[in-house]
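Q: Can you walk me through this one? I'd like to go place by place and ask as I look.

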Amino acid sequence: MLRTYLLLVWTWTRAAAQYPVSLVLLGLATAVVGALDLAGIALLYANAPRIAGFTVAEVVFLYGTATTSFGLADLALGTTERLGRHIREGSLDAMLVRPVSPLVQIATEDFSPRRLGKLVPALGALALSLPALEVSWTPGRVAMVPAMIVTGAVLFGGLWVLTAAVQFVLIDVHAATKSVTYGGAFLTQYPMTVFARDFVRGVTFVIPLAFVNWQPTLYVLDRPDPLGLPAALRFAAPVAAAAVCAAAALAWRTGLRHYRSTGS
Amino acid sequence: MIEVEDAVKTFTVRRRTGRLRRERTERRAVDGVSFTVAPGEFVGYLGPNGAGKSTTIKMLTGILTPTSGRVRVAGLEPARHRTALARRIGVVFGQRTTLWWDLPLRDSLTLIRHLYRVEAGAHRTRLAELTALLELGPFLDTPVRQLSLGQRMRGDLAAALLHDPELLVLDEPTIGLDVVSKATVRGFLERLNAERGTTVLLTTHDLGDIERLCDRVLIIDHGRLAYDGGLARLRATVDADRVLVVDLARPGPPVTPPASVPGVVVERVAGPRQWLRLPRSANAAAVVAAIAEHHEVVDISLGEADIEEVLAGLYRGDRPYEPAAGRPAGGPAT
């Protein structure tokens with residue numbers, strides 16, 4: 001499955017390389033848009049040194065971890081949101097008669113190296129913020145940084161597939177599902193304390209976005225939870241990621257079994 | 001190769017009947033279809049739009065799960081073992097390509113080799129063979145988006161056959177093709193079936209496909225099988241009726257067929273020309289004589305009804321074996 005995935009990625013990359021200028025320009029544009037986000041954060045802190053109790057370095061750290069996780073998930077599974085279009089146009093049928101999971105086929109479709117552009121400002125933010133954080137680095141805290149990025153990516157990946165599977169039932173909800181995936185990415189770029197408490201509870205326990213970086217970051221920065229939730233939650237990200245992935249797998253299978261195809 | 005036993009596929013259609021009320025109705029796209037196809041057969045699957053052709057094809061290839069009934073293809077249950085089945089069958093949709101739009105055809109075919117895990121040596125031989133038979137040579141290195149419809153269809157056929165499947169399922173393979181491309185595709189399918197023994201199931205609206213290729217025809221209408229048999233028998237049904245074209249001196253109402261010859265019906269009237277359908281046994285000369293008695297006849301011709309008309313009759317629900325006596329004389333005037 002991974003081999004096929006990489007093979008398809010390579011094939012699409014070669015196809016994208018047929019238009020080298022557009023590839024480079026789009027890659028740059030993606031990177032610039034990401035960098036603008038960062039500039040926005042900098043602008044915010046030019047007026048207030050602390051927001052909701054967090055310093056610039058800490059917010060940039062949150063931003064960096066969230067966008068790296070999101071960028072990785074988007075890179076791997078972002079095109080699954082096109083499922084609705086494939087159902088409408090009937091191209092899902094063509095995928096279903098090949099001996100490869102349609103999920104792999106959709107996820108790799110149109111793969112272009114320009115998606116890597118999103119990771120440039122994300123990794124840049126991480127590189128900027130890490131030395132500036134006022135943290136006494138223990139081995140646990142050091143290990144937590146890559147661990148949270150990976151589990152965060154898995155969590156976002158699960159959400160992509162889960163929201164894609166919803167399109168088996170509601171073909172035209174593409175825009176609505178974006179609010180979960182892209183909205184989730186936006187949400188995790190800021191300290192959760194800037195949002196209302198009930199909202200934070202929602203993204204902790206319903207759509208477990210708080211586990212992407214918020215809870216692990218509380219551990220890295222050694223902060224008390226503003227909502228007073230148990231400290232064990234800081235290590236619960238893998239559990240949340242596993243739960244989301246299980247739900248996504250179930251939804252995908254169910255959706256495929258009840259797939260109705262289109263006329264013709 | 002294919003076993004279908006009492007297959008049913010129903011779709012729930014939701015219809016808005018009020019502000020909030022919704023009515024759910026069940027529509028049976030395929031309603032208890034049974035047939036078997038033996039290895040090596042070349043079967044045509046016909047029916048009007050919306051009759052259930054594509055739904056059947058999709059159940060056979062594992063895209064759709066049947067609501068009830070039993071479907072087996074190459075000994076497998078398609079919906080449950082879709083991926084395993086995909087390695088053993090080839091599928092071509094005439095309406096859409098399974099190739100990658102931006103890749104040269106050659107790259108698409110290489111990719112398919114990997115997806116189907118065809119061994120490199122076997123792939124080379126097979127590709128060379130298909131390239132020769134389908135005349136792919138001139139456009140192997142052209143991106144698929146630049147191919148003509150005929151070239152693309154040949155590319156799609158090659159893609160579906162690279163892994164040497166036992167069964168080839170084609171959904172309207174000649175749709176939109178010009179005469180030359182149609183001939184190439186048909187010639188290729190004929191050889192594939194005769195020389196490699198590949199079983200072929202083909203849906204089409206093109207009767208040329210059927211006449212040239214199919215030993216056996218299945219006709220589906222309103223989700224039910226309306227005919228299953230050889231083309232010869234279908235043709236015999238066709239031959240049962242003949243068409244008499246009469247040109248009168250001036251336009252007029254439909255002529256009255258003579259009472260002495262039963263079963264004669266006026267099918268169509270267009271100006272001074274009228275078409276009459278005659279049962280095989282009817283005495284055409286007597287009919288002509290009777291008409292000439294009351295009208296001034298300028299010209300007459302007698303021909304066989306074509307297969308298209310019989311199909312149209314089948315689709316309307318007429319029984320093919322009974323003469324069209326029940327229809328009102330006159331028919332639609334044009």
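Q: Is B:Arg117 buried or exposed?
A: This is a predicted model. In it, B:Arg117 counts as exposed, because 11 C-beta neighbours lie inside 10 Å, and the cut-off for exposed is 12 or fewer.

Q: Where is B:Arg117 found?
A: In chain B, in the loop between α3 and α4 (120-134).

Q: What about phi of B:Arg117?
A: Phi is near 50° there. That is a positive value, and B:Arg117 is a residue other than glycine.

Q: And what is phi of B:Ala74 near?
A: Phi of B:Ala74 is near 50°. Again the value is positive and the residue is not glycine.

Q: Where does B:Ala74 lie?
A: B:Ala74 lies in the loop that runs between β4 (68-73) and α2 of chain B. B:Ala74 counts as partly exposed, because its C-beta neighbours inside 10 Å number 19, and buried takes 20 or more.

Q: Zoom out. How many helices and strands has chain B?
A: Chain B has 10 helices and 13 strands. It has 334 residues, and 37% of them count as buried.

Q: What about contacts in chain B between residues at least 6 apart in sequence: what share join residues at least 24 apart?
A: In chain B that share is 69%.

Q: Now chain A. How many helices and strands there?
A: Chain A has 12 helices and zero strands. Along the sequence the pattern reads α-α-α-α-α-α-α-α-α-α-α-α.

Q: How many residues in chain A, and what percentage count as buried?
A: Chain A has 264 residues, and 40% count as buried. Of the contacts in chain A between residues at least 6 apart in sequence, 81% join residues at least 24 apart.

Q: Why is α3(A) called largely enclosed?
A: Because 19 of its 22 residues are buried, α3(A) is largely enclosed by the rest of the structure.

Q: At what angle do α3(A) and α8(A) pack?
A: About 45°, with the axes 8 Å apart. That makes α3(A) oblique to α8(A). The crossing of α3(A) and α8(A) is right-handed.

Q: Which residues make the contact?
A: From α3(A), they include A:Thr65, A:Thr68, A:Phe70 and A:Leu72. From α8(A), they include A:Met148, A:Gly152, A:Phe156 and A:Trp160. The residues of the contact of α3(A) with α8(A) divide into 11 nonpolar, five polar and no charged.

Q: And α8(A) with α11(A): at what angle do the axes cross?
A: Roughly 165°, and the axes of α8(A) (residues 139-169) and α11(A) (residues 214-221) come within 9 Å. That makes α8(A) roughly antiparallel to α11(A). The crossing of α8(A) and α11(A) is left-handed.

Q: Which residues make that contact?
A: A:Arg141, A:Met144, A:Val145 and A:Met148 of α8(A), with A:Pro216, A:Tyr219 and A:Val220 of α11(A). In the contact of α8(A) with α11(A), six residues are nonpolar, none is polar and one is charged.

Q: New spot. Where is A:Val120 found, and what does A:Val120 touch?
A: A:Val120 is in helix α7 (residues 119-132) of chain A. Leaving out residues up to four places away in sequence, A:Val120 touches A:Ala31 and A:Gly34.

Q: How many residues apart in sequence are A:Val120 and A:Ala31?
A: 89 residues apart in sequence, and 6.0 Å apart in space, C-alpha to C-alpha. A:Val120 counts as partly exposed, because it has 18 C-beta neighbours inside 10 Å.

Q: Last one: is A:Pro49 buried or exposed?
A: A:Pro49 is exposed, with 8 other C-beta atoms within 10 Å. A:Pro49 is found in the loop between α2 (20-47) and α3 of chain A.

Note on methods: Residues are numbered from 1 along each chain as its sequence is written. Chains are lettered from A and ligands numbered from 1 in the order in which they are written. This is a predicted model: local features need pLDDT of at least 70, side-chain atom pairs count only at pLDDT 80 or more; totals for chains, interfaces and linings use all residues. Axes are lines fitted to C-alpha atoms, for helices over the stretch in contact, and angles run from 0 to 180 degrees between N-to-C directions. Helices (H or I, at least four residues) and strands (E, at least two) are DSSP runs, numbered from the N terminus. Angles under 35 degrees count as roughly parallel, over 145 as roughly antiparallel, 65 to 115 as roughly perpendicular and the rest as oblique. A crossing is left-handed if the near helix is turned anticlockwise from the far one by less than a right angle, and right-handed if clockwise. Two residues are in contact if their C-beta atoms, placed from the backbone, lie within 7 Å. Ala, Val, Leu, Ile, Met, Phe, Trp, Tyr, Cys and Pro count as nonpolar, Asp, Glu, Lys and Arg as charged, and the others, Gly among them, as polar.
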